[in-house]
Amino acid sequence: MENRILQQLNEVKDKITLACQRVKREPKEVKLLLATKTVIPENIKVALEAGETLIGENKIQELKSKFNAFGDHRPEIHFIGHLQSNKIKEAVKYADCIESIDRFDLAQKLDNRLRSEGKTMPVFIQVNTSFEASKFGVAPEEALSLIKAVAPLEALEIKGLMTIGLLSNVTEKVREGFRLLRELRDEANALQLPGVQLSELSMGMSNDMEMAIEEGATIVRVGTAIFGQRKYPDSYYWNENKK
Ligand SMILES: *Cc1c(COP(=O)(O)O)cnc(C)c1O
């Protein structure tokens, strides 16, 4: 298992480098986030020991159960799943960044919690660029108003935007979603909201990361291509409350 993970990790890194070269970007502009849902700590550590430093988890319960296994050398942890309000307290405890802010009341509650603890946190606004009803994320046409509303919340630092690409073989459709996210980021920056500068675009997964990089991704979130197939379909992680 260990060798397989290392080999697949290297393949992913090579693909990132090649995709960057195609569009004349520096590979160091693109961070690799290991999407580690269902992956056991032992296997995550293989990648961490090879030098990786950033992981993403989808469920607070699962994150909590893995957290101690990292010991002193824990990676930077982003929360990339649907966050329920009643899990905010634990999210603040176990995550360094929430990439899935998709509604104002969640942002407000997170801000309250952080301020009560004297903390701040980087966050991403998650946008549903694929227009699929089954995915979380603010609708693209509401993204700028959400950013404007979240901007004044003192404990939250909006770092960028996140999206889950359309699950489709029609590559042009997938690409449109990534392009839309980049355009929204640029539009948000053009608003020149005080203290708000969105630099990050978290987009691209195992199957579409190269296209995402070509469209400007600064973080690609990769699970399957490194750790192998998961037992459950992704819908299990994305549709918790939405039926
Ligand atoms: C699972 C997951 C990924 C990684 O998906 P793979 O296809 O396994 O690379 C990325 N982002 C989010 C939000 C996920 O839930």
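Which residues have the most contacts inside the largest nonpolar core? Select Ile98, Leu110 and Ile125: in this predicted model, these three have the most contacts inside that core, which has 69 residues. Next, colour helix α1, residues 2-22; with 6 residues, helix α1 gives the most to this core.

Return to Ile125 and display its surroundings. Beyond its neighbours within four places in sequence, Ile125 is in contact with Glu99, Ile101, Val138, Leu146, Ile147, Val150, Ile158, Gly160, Leu161 and Met162.

Select α6 (residues 140-150) and α7 (residues 171-190): the two pack with axes 10 Å apart, at an angle of about 30°. Because the cut-off for roughly parallel is under 35 degrees, α6 counts as roughly parallel to α7. Their crossing is right-handed. Show side chains at the contact: α6 supplies Pro140, Ala143, Leu144 and Ile147, while α7 supplies Leu180, Leu184, Glu187 and Ala188. By class, this contact has 7 nonpolar residues, 1 charged and no polar ones.

The last stop is Leu114, in helix α5 (residues 104-116). Leu114 has a relative accessible area of 1%, so it is buried. Not counting residues up to four places away in sequence, Leu114 touches Val92, Lys119, Thr120, Met121, Ala155 and Leu156. To finish, draw a C-alpha to C-alpha distance from Leu114 to Asn207: the two are 35 Å apart in space and 93 residues apart in sequence.

Methods. Residues numbered from 1 in each chain as written. Predicted model: local features only at pLDDT ≥ 70, side-chain atom pairs only at ≥ 80, totals over all residues. Heavy atoms only, no water. Helix = DSSP H or I, 4+ residues; strand = E, 2+ residues; numbered from the N terminus. Buried < 20%, exposed > 50% of the residue type's maximum accessible area, 1.4 Å probe, protein only. Contact = heavy atoms within 4.5 Å. Core = buried A, V, L, I, M, F, W, Y, C linked by side-chain atoms within 4.5 Å. Axes fitted to C-alpha atoms, helices over the stretch in contact; angles between N-to-C directions. Parallel < 35°, antiparallel > 145°, perpendicular 65-115°, else oblique. Left-handed = near helix turned anticlockwise from the far one by under 90°. Nonpolar A, V, L, I, M, F, W, Y, C, P; charged D, E, K, R; others polar.
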